[in-house]
Amino acid sequence: MSQLLIENCAACARWVHPAAGDCPGCGGRLIARPVSGHGTVFTYTVNYHPYNPDIVTPYVIAIVELDEQNGLRVAANIIDCEPDSVTCGMPVDLLPQRGSGGAPLFAPAVR
Ligand SMILES: [Zn+2]
């Protein structure tokens, strides 16, 4: 299972993404750590244009807010569901595979 690594402050345990060098909260050192992979859809858009022939359209480009921390958000694709069924606030889980270009892939959470 591939993990999603996010920079985490060694001093205050704050998650920082995108990586910023030092912790913006306390200036502490950041270390990439795996996150749980649980999150919710913060916002999303459905792409109908075949920019990349390897990806079947339509597909969902989303900003996923990770459960680890309020405001900790990553760009991702949502798969394994109808694009019409995606909603803001929908719980999603990280999938083991990565998408084309290395984007994390999430699917609707089964909890
Ligand atoms: Zn810190």
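Trainee: What is the area buried between domain 1 and domain 2, and what share do carbon and sulfur atoms give?

Mentor: About 920 Å² is buried between domain 1 and domain 2, and carbon and sulfur atoms give 64% of that area. On the side of domain 1 that touches domain 2, six residues are nonpolar, three polar and one charged. Buried area is the accessible area (1.4 Å probe) that two parts lose on being put together, summed over both. Nonpolar means Ala, Val, Leu, Ile, Met, Phe, Trp, Tyr, Cys or Pro; charged means Asp, Glu, Lys or Arg; the others, Gly among them, are polar. The model is predicted: local features need pLDDT of at least 70, side-chain atom pairs count only at pLDDT 80 or more, and totals for chains, interfaces and linings use all residues. Residues are numbered from 1 along each chain as its sequence is written, and side-chain values use heavy atoms, with hydrogens and water left out.

Trainee: How many residues of domain 1 and domain 2 are in contact?

Mentor: Contact requires heavy atoms within 4.5 Å. By that test, 10 residues of domain 1 touch 13 residues of domain 2.

Trainee: How many helices and strands does the protein have?

Mentor: Zero helices and eight strands. Helices (H or I, at least four residues) and strands (E, at least two) are DSSP runs, numbered from the N terminus.

Trainee: What makes the order β2-β1-β3 a sheet?

Mentor: Strands pair if DSSP finds at least two bridges between them. β1 (residues 5–9) has two bridges to β2, running antiparallel. Between β1 and β3 there are five bridges, also antiparallel. Both therefore count as paired under the rule of at least two bridges. In β2, Val16 stands opposite Glu7, and Trp15 is the bridge partner of Asn8. In β3, Arg33 stands opposite Ile6.

Trainee: Why is one side of β2 and of β3 left without a neighbour in the sheet?

Mentor: The three strands form an open sheet in the order β2-β1-β3. β2 (15–16) and β3 (30–34) stand at its edges with a single partner strand each, so one side of each has no neighbour in the sheet.

Trainee: Which strands pair with β7?

Mentor: β4 (residues 38–47) pairs with β7 (residues 91–98) over three antiparallel bridges. Gly39 has Val92 in β7 as its bridge partner. β7 also pairs with β8 (residues 104–108), antiparallel, over four bridges. There, Arg98 stands opposite Pro104. β7 and β8 form a hairpin with five residues between them, and Gly101 in the turn has a positive phi of about 85 degrees.

Trainee: What makes Ala13 stand out?

Mentor: Its phi is positive, about 70 degrees, although Ala13 is not a glycine. Most residues other than glycine have a negative phi, and most peptide bonds are trans. Ala13 sits in the turn of the β1–β2 hairpin, which has five residues between its strands.

Trainee: Which peptide bond is cis?

Mentor: The one joining His17 and Pro18, with omega about 0 degrees. Pro18 lies in the loop between β2 and β3.
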